[in-house]
Amino acid sequence: MSVSQFFRRVLLLDLIKGLSVTFRYQQPKHIYTEQYPLERPKIAERYRGLHRLNVNPETGETLCIACNLCALACPEKLIKVSSERDAATGRKKLTTYTVDLSRCMFCGLCEDACSTDAIELTQDFEFALYSRDGLVLDREQLERGPQPTVYEK
Amino acid sequence: MLQYFTGYLNQNVTPGEAGNALWALIYILIIFAGVSLIVMAMNWIERKVLAHMQVRLGPMRVGPHGLLQPIADAVKLLTKEDIIPDQADKLVFWMAPVVIVTVAFTTYIVVPFGRTHAVTDMNIGLLFMLGVGSMSTLGVIMAGWASNSHYPLLGSLRSSAQMVSYEIAMGMAVVSAVLMTSLTSGTGTLSMIGIVEAQKAQHVWFIFKFFPLGLIAFFIFAVAMVAETNRTPFDLPEAESELTAGFHTEYSGLRWSLFMLGEYAAMVAVSSIAVTLWLGGWMRPFPNLLKGAAWDTAFSCFPALTFFLLAAMAFRTFVRMPKHPGLRMEKLGLGGFAALLGLIGLVLLVPPVRERITDIYWFMLKVSVFMYLYIWYRGTFPRYRFDQLMKLGWKFMIPTGIVVLILTALVGLRLS
């Protein structure tokens, strides 16, 4: 053991160094903890979360043309689209649209298949429920989109 | 009766010396309540400081900045199911936490919070504290044995070995400080108040006496007291990663909280021994350098100033809290707390109160430095391995302690 090593051990320099490190870390500005329900976490831009069926913001009409492509694209067959023929215009009109979240893996294939950008996966991640019934979203819920509870600090 | 009550206030001695049982009882109640309050506060401070050291926030949800967390914890622990293992030795299992808490609180009888602020002054005060304090090992062993389970038993065995080996080093350090007291009158004293009076008479804290010697003795005691109270880095009896919770693995609810109460009370008690022996007990800083009535008055304003500072901090948080109906109760509570702290500060400015409280303030300030050190160690140092612990105790602390003791005696002989 050299002389300097001996003095390091006797004067406990290593321990004091460690103590100074922990002391310096006490500044609250080092803390990155998110206060979750009070503070929304930053979600990645391309995160795929809860579904939303987009509507035309000006008229409030649905963008969906009931082409059934999303239902065909869904690997788990979770999307059910039903439509009726509008007698006046002769166009297909959307009647019901349901998404079953219970087996959805949020692959985003429905989003890719949609030709009018009607179905979209939003960045909302809070869809825990007390019963399984709520997992099937109907057209009304989908058009309203996710409604996260906002807490204030 | 009234004369019996008020007469004591004019005598400048502890209730024990005055033979006043009523005031002794009042002091015991104040100390009991105060220590319990300190334990609750320590619970919050430890979680908060440790969290900040680990770059976390710590408790934030119960009350502003988690201030009410200790109360929430207490309510949770009291309402928890009290489990006694089927194969446990019921009587001993029941007695173990009681023994630990009783022992931890009994030591406070001789702790001198001020010249007149101790329940009594025994001429063997220090011996009493060390003797009663080391009985907490008995509680630990009882808990480990009565649980009838492997982890608690191993934990309590470790505890007894550790306490036995560190008590010797502790004793050596303590005796060298006691030797220093003999320089004033020719005979040393074991009375806690006498030790502080000796430091006053010699115009020096014993940590600076015979320069490196007092410091080394203090250092040995500072390490041994962490080992005695089973705190990190010497927390082998309750080593979480190896023994789940050590000797209190089988305990839950109220009994477990009694163990915690005993542990923290013992921490304060041992810190107060260190403060009494080496850091001048209740004496204010620089009593020789800055003497005179004016300085005395200035220093006696410190307790009030501390409370005003705390009140200002609480008030600042109160002002900066956002307006929100959900936070109304919290905001009102914090505002009330700030007002209460300010009021206590005002009461402490009144001259008769100020003169009585100043000793207690300086004593508690020195103790709180040690309490912070305990948390700081816990945030910094990893746990010792058991053979390293024994090696440190027997091969380093005890020989150093003996050498310091002999050198102190020799230097003292030369001087007298």
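1. Two residues are taken to be in contact if their C-beta atoms, placed from the backbone, lie within 7 Å. On that basis, among contacts in chain B between residues at least 6 apart in sequence, 77% join residues at least 24 apart. For chain A the corresponding share is 69%.

2. The model is a predicted one, in which local features need pLDDT of at least 70 and side-chain atom pairs count only at pLDDT 80 or more, while totals for chains, interfaces and linings use all residues. Residues are numbered from 1 along each chain as its sequence is written, and chains are lettered from A and ligands numbered from 1 in the order in which they are written.

3. Overall form of chain B. The radius of gyration is taken over C-alpha atoms, and the globule rule is 2.2 Å times the number of residues to the power 0.38. For 416 residues a compact globule would have a value near 22 Å, and chain B, at 23 Å, agrees with this. The C-alpha trace of chain B spans about 60 × 55 × 50 Å along its principal axes. Chain B holds 17 helices and zero strands; helices (H or I, at least four residues) and strands (E, at least two) are DSSP runs, numbered from the N terminus.

4. Overall form of chain A. A compact globule of 153 residues would have a radius of gyration near 15 Å, but chain A has 27 Å. Its C-alpha trace spans about 100 × 35 × 30 Å along the principal axes. Chain A is divided into domain 1 (1-32) and domain 2 (51-144), with bounds that come from an automatic or database domain assignment. The centres of domain 1 and domain 2 of chain A, taken over C-alpha atoms, are 60 Å apart.

5. Burial. A residue is buried if 20 or more other C-beta atoms lie within 10 Å of its own, exposed if 12 or fewer, and partly exposed in between, with C-beta atoms placed from the backbone. By this criterion 42% of the 416 residues of chain B are buried, and buried residues make up 12% of the 153 residues in chain A.

6. Nonpolar cores. A core is a set of buried Ala, Val, Leu, Ile, Met, Phe, Trp, Tyr and Cys residues joined through C-beta atoms within 7 Å. The largest has 102 residues, and those with the most contacts inside it are Ala173(B), Ile220(B), Phe221(B) and Ala224(B). Helix H12 (residues 253-278) of chain B gives the most to this core, with 15 residues. A second, separate core of 14 residues includes Cys70(A), Cys104(A), Ala118(A) and Leu142(A).

7. Surroundings of Phe221(B). Leaving aside residues up to four places away in sequence, Phe221(B) touches Met170(B), Ala173(B), Val174(B) and Ala274(B).

8. The sheet of chain A. Chain A has five helices and five strands, running α-α-β-α-β-β-α-β-β-α from the N terminus on. Two strands pair if DSSP finds at least two bridges between them. An open sheet of three strands has the order E2-E3-E5 (chain A), with antiparallel pairing. Strand E2 (79-85) and strand E5 (136-137) of chain A are at the edges, each with a single partner strand, so one side of each lacks a neighbour in the sheet.

9. Strand pairs. E2(A) and E3(A) pair over seven bridges, with Val81(A) opposite Tyr97(A) in E3(A). In their hairpin, which has six residues between the strands, Gly90(A) takes a positive phi near 80°. Strand E3 (residues 92-100) of chain A pairs with E5(A) over two bridges, and Asp100(A) stands opposite Val136(A) in E5(A).

10. Interface. In all, 13 residues of chain A are in contact with 13 residues of chain B.
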